[in-house]
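This briefing goes through one protein chain for a reader who wants the cut-offs stated beside the values. Please keep the sequence and the 3D view open while reading.

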Amino acid sequence: MSVAGILLLSFLLGSVPVSNITARFVRGVDLREYGAGTVSGTALYRVAGFAPLAVSGCLELAKGAAGPLLAGDRTVVAAFAGGLAVTGHNWSPFLRGAGGRGVAPALGALLVTGWPGAVVLVLGLLGGKLFDETGLGALVAELALTPVLAVWGGAVGALVGITIAVPMLLKRVLGNSRPTSDRRRVYVHRLLYDRDPAGAG
């Protein structure tokens with residue numbers, strides 16, 4: 001497959017809102033209208049439970065891995081394919097720009113392009129969960145991706161880290177809507193904790 005074809009397919013597969021489709025099928029719920037409006041595995045779990053989450057999670061991992069696998073030994077193409085899958089997931093055109101945080105497709109892509117990055121991401125999430133600050137744990141992991149992968153895989157490893165981390169970090173800050181007041185405080189709080197501060201508009 002051509003480079004352009006791989007990159008386009010990666011974005012389109014990443015854009016398929018598996019969690020939202022599952023929530024609609026199982027519970028008749030649009031995750032954009034539930035809780036914080038994030039189309040994520042966490043929201044799906046709260047709506048539908050573990051079994052639908054497990055099925056959806058496998059598909060989310062697969063859509064992140066598909067493009068890098070198609071790229072084969074074209075490591076630069078694989079890196080961008082993984083990043084585009086995460087970007088499509090985070091700003092899905094099928095959801096008019098809504099989406100999740102990109103964790104599952106990022107893990108899928110990293111398992112193909114840079115497995116130590118997948119370990120870093122999982123450890124960050126587990127550490128955050130342990131201290132009841134999953135968002136902060138994820139931030140630490142996302143910031144660590146590029147240097148860890150640079151040590152592991154040199155320039156290509158660093159590229160893998162950048163292409164995965166940038167859309168994840170941007171989604172944290174941009175969230176699902178623009179704040180209407182005290183924007184600096186809201187954006188900083190989103191970056192650190194992946195949620196709006198209490199009482200923010």
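D30 has a relative accessibility of 8% and therefore counts as buried, where buried means under 20% relative accessible area, exposed means over 50%, and partly exposed lies in between, with a 1.4 Å probe and protein chains only. The model is predicted, so local features need pLDDT of at least 70 and side-chain atom pairs count only at pLDDT 80 or more, while totals for chains, interfaces and linings use all residues. Residues are numbered from 1 along each chain as its sequence is written, and side-chain values use heavy atoms, with hydrogens and water left out.

**Salt bridges**

- The side chain of D30 meets that of R24 in a salt bridge at 2.9 Å, N to O, the term meaning a side-chain nitrogen of Lys or Arg within 4 Å of a carboxyl oxygen of Asp or Glu.
- Through shared partners, salt bridges join R24, D30 and R32 into one network, and the whole structure holds eight salt bridges.
- E133 and R195 form a salt bridge at 3.4 Å, N to O, which links distant parts of the chain, since E133 sits in the loop between α7 and α8 and R195 in the segment after α9, 62 residues apart.
- Both of these side chains belong to partly exposed residues, with a relative accessible area of 22% for E133 and 42% for R195.
- E142 and R172 also meet in a salt bridge, at 4.0 Å, N to O, and both residues are buried.

**Fold and overall dimensions**

- The chain has nine helices and zero strands, where helices (H or I, at least four residues) and strands (E, at least two) are DSSP runs numbered from the N terminus.
- Along the principal axes, the C-alpha atoms fill a box of roughly 50 × 35 × 30 Å, and 43% of the 201 residues count as buried.

**Nonpolar cores**

- The largest nonpolar core has 18 residues, and those with the most contacts inside it are A106, L110, L121, L145, I164 and M168; such a core is a set of buried Ala, Val, Leu, Ile, Met, Phe, Trp, Tyr and Cys residues joined through side-chain atoms within 4.5 Å.
- Helix α8 gives the largest share of this core, nine residues.
- Leaving aside neighbours within four places in sequence, L145 is in contact (heavy atoms within 4.5 Å) with L110, G117, V120, G161, I164 and A165.

**Nonpolar surface patch**

- W115, V119, V122, L123, L126 and W152 form a nonpolar patch on the surface with about 620 Å² of accessible area together, the area coming from the Shrake-Rupley method with a 1.4 Å probe and, for residues, only the protein chains shown counting as cover.
- Patches are made of residues with over 30% relative accessible area and no salt bridge, with like charges joined within 9 Å and nonpolar side chains (Val, Leu, Ile, Met, Phe, Trp, Tyr) within 5 Å.
- Helix α7 (residues 115-130) supplies the largest share of the patch, five residues.
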